[in-house]
Amino acid sequence: MIQDLLAPLVSTGFQARSLKKADGIVLDKPGKPSYDFPSSIMVIVLLQTFSKILESIMASRLSCVTCMVGLLNPHQCCSLAGYSTMDACTTLTHKIKTLQMAKCKVSTLFLDIKGGFDNINPQQCCCILRSRGISPYLISWTRSVLMGRSCRLLFQGSPKIFSPVAVGTPQASPVSLLLFVIYVSRLHLQIPLGLTLSYIDHFALTASSLSYRWNI
């Protein structure tokens with residue numbers, strides 16, 4: 001039954017508008033001295049079950065295809081099968097020890113992309129997929145799932161009116177992490193005698209030379 005309902009959406013690369021509506025539960029962040037500012041609250045988005053089922057199927061397909069065409073960097077960990085936090089730590093530790101054995105001075109800069117998920121541009125994301133020859137129906141579905149979304153915030157006294165969401169990936173969606181790592185894949189720079197490693201929106205840039213000043 002579910003398969004019969006979702007099959008047309010998968011084959012045409014279309015996400016129904018009714019599946020792109022979500023409720024956002026507004027909660028106070030614990031331990032804040034004041035709750036007069038938006039940064040003191042958090043929004044937990046509740047997606048529809050059918051939407052999450054479809055997005056899980058498409059995420060599995062998109063993951064396989066993007067890995068085959070080399071769109072995802074092998075040093076991008078998490079949201080990919082077989083890559084975990086331990087893989088990231090082991091890779092970084094091994095690289096540093098190897099460079100140190102070669103009498104190099106090694107420096108690592110840790111970065112965090114602030115608000116990365118909320119600022120993904122649908123058109124740019126589709127351009128990245130198109131540049132690697134990804135199937136048109138997958139590109140069409142990606143554009144459809146990222147555009148035309150709406151959310152209503154639920155709190156005491158809220159008007160319960162849906163408002164459009166123009167950018168970003170849907171929170172808690174099975175496809176969000178994958179689309180994000182695709183979006184930032186080109187940030188993996190080629191560093192001579194170094195390494196660019198990432199774990200979702202956290203990056204580690206490692207450089208080595210004969211001096212720490214040159215690394216900087």
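Which residue stands opposite Gln 76 in strand 7? In this predicted model, the residue of strand 7 that stands opposite Gln 76 is Ser 198.

The protein contains seven helices and eight strands. Its C-alpha atoms fill a box of roughly 60 × 50 × 25 Å, taken along the principal axes. Of the 216 residues, 37% are buried. The contacts show how the chain folds back on itself: among those between residues at least 6 apart in sequence, 67% join residues at least 24 apart.

Strand 7 pairs with strand 3 in the parallel sense, over two bridges. With strand 8, by contrast, strand 7 runs antiparallel, and five bridges join the two. Within this second pairing, Tyr 199 stands opposite His 202 in strand 8. Strands 7 and 8 form a hairpin with two residues between the strands, where Ile 200 takes a positive phi near 60 degrees.

The buried residues in question are Ala 88, Leu 92 and Leu 99. They cover an arc of only 40 degrees around the axis, which puts them on the same side of helix 3. The face turned away from that buried side carries the exposed residues Met 86, His 94, Lys 97 and Met 101. The length of the helix can be checked as well: at 1.5 Å a residue, the 17 residues of helix 3 (residues 85-101) should span 24 Å, and the end C-alpha atoms are 25 Å apart, which agrees. Just after helix 3, Lys 103 takes a positive phi of about 65 degrees.

Another part of the structure is an open sheet of four strands, in the order 2-1-5-6, with mixed pairing. Strand 2 (41-46) and strand 6 (163-165) are the edge strands, because each pairs on one side only. Neighbouring strands of this sheet are turned by 40 degrees against each other on average, direction ignored. Strand 5 (residues 149-154) and strand 6 run antiparallel and are joined by three bridges. In this pair, Arg 149 stands opposite Val 165 in strand 6.

Helix 4 (residues 122-131) includes Pro 122. At 6% relative accessibility, Pro 122 counts as buried, since the limit for that class is under 20%. Leaving aside neighbours within four places in sequence, Pro 122 is in contact with Leu 146, Met 147 and Ala 166. The C-alpha atom of Pro 122 is separated by 21 Å from that of His 188, which lies 66 residues away along the chain.

The cysteines remain to be considered. A disulfide is a covalent bond between the sulfur atoms of two cysteines. How many disulfides does a search of the whole structure find? The search finds zero. For Cys 126, the closest cysteine sulfur is that of Cys 125, at 5.8 Å, which is too far for a bond. Cys 126 is buried, with a relative accessible area of 0%. Cys 151 also counts as buried, at 16% relative accessibility.

Technical notes. Residues numbered from 1 in each chain as written. Predicted model: local features only at pLDDT ≥ 70, side-chain atom pairs only at ≥ 80, totals over all residues. Heavy atoms only, no water. Expected span 1.5 Å × (residues − 1). Buried < 20%, exposed > 50% of the residue type's maximum accessible area, 1.4 Å probe, protein only. Arc of directions from axis to C-beta. Axes fitted to C-alpha atoms, helices over the stretch in contact; angles between N-to-C directions. Disulfide = S-S within 2.5 Å. Contact = heavy atoms within 4.5 Å.
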